[in-house]
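Hi,

Here is the model I promised to pass on.

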Amino acid sequence: MTTATDMNADSYVTADGRTIGGVVMDLKNITLRFGGVVAIKDISFDIREGEIRAIIGPNGAGKSSMLNVISGFYKPQEGEVWFRGAKRPPMKPYQVARQGLARTFQNIALFDGMTVLDNIMTGRLNHMKANIFQQAIWKGKAEREELENREICEKVIDFLEIQHIRKTPVGRLPYGLKKRVELARALAAQPSLLLLDEPMAGMNVEEKEDMSRFILDMNDEFGTTIALIEHDMGVVMDLSDRVVVMDYGKKIGDGTPDEVRNNQDVIDAYLGVAHD
Amino acid sequence: MPEQLLFAMEVTLNGLMAGVLYALVALGFVLIFKASGIFNYAQGVMALFAALTLVGIQQGQVPFSHLINAVFGTEIHHFPWHVPSIIAIILAAGVMVLFAYLVEKYILQHLIGQPDIILFMATIGLAYFMEGFGDIMWGSEIKTLDVGLPQGMNLAIDEATYNMFGYGFFIDNLDIVAAVVAALLVTSLVIFSQYTKQGRALRAVADDHSAALSVGISLRFIWVLVWSIAGFVALVAGIMWGAKSGVQFSLSLIALKALPVLMLGGFTSIPGAIIGGLIIGVGEQLFEFAIGPMIGGATQNWFAYVLALVFLIFRPQGLFGEKIIERV
Amino acid sequence: MFYREAGDFKTSYRDDSQTFPIRLDRMGYYVLMFVAFLVVPFFINDYWVNAVFAPFLIYAIAALGLNILTGYAGQVSLGTGGFMAVGAYACYKLMTGFPEVSIVIHIILAGGITAIVGVAFGLPSLRIKGFYLAVATLAAQFFLVWLFNKVPWFYNYSASGQINAPERSVFGVIVTGPNTEAWAKYMICLVFVVVLAWVARNLTRGMMGRKWMGIRDMDIAAEIIGVNPLMAKLSAFAVSSFFVGIAGALFFAVYLGAAEAGEAFGINKSFLILFMIIIGGLGSIFGSFAGAAFMVLMPVFLKNVLVGGMGWPTDLAAHFEFMIVGGLIVLFLIVEPHGLAQLWRLTKEKLRLWPFPH
């Protein structure tokens, strides 16, 4: 059995037999400070085509900050972000999204005043090109685009089993469904890298199982590359191909779930050691 | 000393005095904003209403006389008495407290948890309501307000400056009184909020609503309290403005000027409101003095707003506001 | 019982996303259009067009514009009056500068010029939000009105400082100036309203509308999923000001005939339009119409009842109007923040289920 230990290889094969491709995103020596506080300290790791990559760590370890660096919301003071073989110049979050990154949020960030369908359609906005005049007239390009993209969104809706709430305003939905709609919006963008910020936070066991199934299916059916942050160790170990472990803004482990599980630093961070 | 410079100095001094009045209205805004997060557009109309009420009580007007006359065909206008100023002021302050209670009970209670902008628009509605209500209650004709404040040119300053520069400055006594009253008001507010139990509760609420609730502070009481104080501040501002230019509708428009003052000073800062008021007061007088004649005059109409707008582009949180941090 | 969608199955996404998905609504719409275009013009007279129809139609355009900015894109503006003034004065300068060009083109160009001015005053929206922005738009209101009062070029150096609409016609029918017939006044406003409402509907149902609503509901999230906030906000300011500018041009050229900036386009106009969209419904095309109708009809009604019926003095009735408008604003915000449009929606919902409660 080949495992993902060799970081220098171009590709590797996972335990369940999927072939993982080359590097999609490469983070090199990222350091992020807020005033005097160092949130992330000199962290490097990569994310490869088709894999499920997890970032774990205790509260305040800097996981969410890391995700915000990847999605361009925070600008690191040091280090480089390489995306698809090119160094990413400083850009605004919306420009990052246009490169093919989509994400979900820890505290759901849906548009409450819009229906589920409209929320998911916003995921398609980087694929729709009609200008404001064409949209004002509607007939022609704007309508054609709208209908084409509606079909793609309907596929996502079927996939995530939310057909029945299609026209419901998002504000009225319960928490679990909102999480699913948010996932649908990100998925509708057909991203080359999907970032999930605690997709299972606040869910019960059943909802967690559903969510895990969706994540695995997404990866399986569409070959979506996924990077996720999660608290629940059990879920992470089952889902992901490789895991980065952070503590106090530093990377303390990186490798397959098995490797990470046996890493002494990780055990210390999670179970605690006596600091003398 | 060149004459232009002397004029400019006089204009500056007068601007400072006008600024004090702007600051007074702005102060009311800040109090309410700090305690309840509500941007109270009606503050200006509150000043107008308070001044109307004061004059009405003082002169023994029959409330709603116009309405009563229209409905019943009667001809009543005044009670046969005049109320001494001090008692009228106390009664008017009482009306403002009653007003605060009613606003809390019938409006704020029902809008808890709504987005800020909804609350803002509700206060615009409130402003309209009060404007109509005030006019129906006391009539809409221009009234003179006289509670015995000194008025007219301050001779001492005139003489002193004449001896010094050979040119006497014109400073209105009323403006000086306004500045003193404003200083007293701010000092007493600071003492109140620093050293009394209610003041501490007020600051706690300003800091964090739910935390204040959880230690047993009654939000309702605090809101009534803070609207009452704002009502009192409005009364003071109304007296000053009213004594200066008569009690009339335009009072509420002058109060609109408090908005750019707030944008300069930051919505949450009492010193900001005062310094912002002074900057706007001086700025618009000097601008009109120096640039106004070249571009047609009456620049006071917009100078304050444009100044605040330009300023905000560079410093969105105002001079003293807390820095805005955005999170995901 | 008769207002049903059962059996009205949609077989394509196109059918599903049409403006009136329910058959009865569609028919109601056709009937309304028929009456508006082919019945009303034959019965309208000067009183009705000046007291009700012209102001209603023109305010509806302005309300649509402000609703795009405030209701859809979430940017509160108190500068609507100022922007209407831009439309009016631009139209005036074009009418007097290029008398040979059609008035329709002038009105549209006036909208375009207002859009540019709107974008200029919308630029700060990138940095300042919420009521900071609302107060900042007051700068536009006061500055623009002052500008049109103080710079004589804008009113062609006329002695009164007023602008007067010269007589212009469309297809041989006079539409501006004192000789305009009631039906012509009505028709030109109606045509603009229908076309602009259609444009507003198209913009708000497509991606543009979603971007605006995204910015309104959660601007940071919208930016992270790929909305360029600058473009979204400025496009909202541009489209909104375009509408408001056209409303201003019609208000001056067709409705008033003569105007003075401070009088016709003061701060009260800004509030009036804002109240229309609050009462009508934020973020609703129907609401813009409902709000405009309400705010136009209520004073007419009050005046007829209080002054005409009960013999009250006019100023007392006017104060009453202030109280009622203010009270209604507060009431609507408390009871139904989505305004008349939401009430209408709920009524239809009830009708659909009737006679069953659920």
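**Two helices in chain C**

Keep in mind that this is a predicted model. I started with helix 3 (residues 46–72) of chain C and helix 7 (residues 182–205) of chain C, which pack at an angle of about 15°, their axes being 10 Å apart. Angles under 35 degrees count as roughly parallel, and helix 3 of chain C and helix 7 of chain C are therefore roughly parallel to each other. The crossing in which helix 3 of chain C passes helix 7 of chain C is left-handed.

If you want to pick out the residues, helix 3 of chain C contributes C:Asp46, C:Val49, C:Phe53, C:Ala54, C:Leu57, C:Ile58, C:Ala60, C:Ile61, C:Leu64, C:Ile68 and C:Tyr72. Facing them from helix 7 of chain C are C:Ala182, C:Lys185, C:Tyr186, C:Cys189, C:Leu190, C:Phe192, C:Val193, C:Leu196, C:Ala197, C:Ala200 and C:Thr204. By class, this contact between helix 3 of chain C and helix 7 of chain C has 19 nonpolar, 1 polar and 2 charged residues.

**Where chain C touches chain B**

Next, the interface: 36 residues of chain C are in contact with 41 residues of chain B. On the chain C side, the elements giving two or more residues are helix 6 (130–150), helix 12 (267–280) and helix 14 (314–335) of chain C. Helix 14 of chain C supplies the largest share of that side, 14 residues. Sorted by class, the side of chain C that touches chain B has 28 nonpolar, 4 polar and 4 charged residues.

**Annotated stretches in chain B**

An unreviewed UniProt entry places the feature "transmembrane region" at several stretches of chain B, among them residues 81–103 and 294–314. In the model, residues 81–103 of chain B are 83% helix and 0% strand, with the end C-alpha atoms 31 Å apart. For residues 294–314 of chain B the figures are 67% helix and 0% strand, and there the end C-alpha atoms are 27 Å apart.

**Domains of chain A**

Chain A is divided into domain 1 (1–100 + 191–276) and domain 2 (117–190). The C-alpha centres of these two domains of chain A lie 27 Å apart. Between them, 10 residues of domain 1 of chain A are in contact with 10 residues of domain 2 of chain A. On the domain 1 side, helix 2 (93–98) and helix 7 (205–222) of chain A are the elements that give two or more residues. Helix 7 of chain A gives the most to that side, with 3 residues. That side of domain 1 of chain A divides into 7 nonpolar, 1 polar and 2 charged residues.

Cheers

Methods: Residues numbered from 1 in each chain as written. Chains lettered and ligands numbered in written order. Predicted model: local features only at pLDDT ≥ 70, side-chain atom pairs only at ≥ 80, totals over all residues. Axes fitted to C-alpha atoms, helices over the stretch in contact; angles between N-to-C directions. Helix = DSSP H or I, 4+ residues; strand = E, 2+ residues; numbered from the N terminus. Parallel < 35°, antiparallel > 145°, perpendicular 65-115°, else oblique. Left-handed = near helix turned anticlockwise from the far one by under 90°. Contact = placed C-beta atoms within 7 Å. Nonpolar A, V, L, I, M, F, W, Y, C, P; charged D, E, K, R; others polar. UniProt positions renumbered as here; feature names shortened; annotations may be inferred. Domains from an automatic or database assignment.
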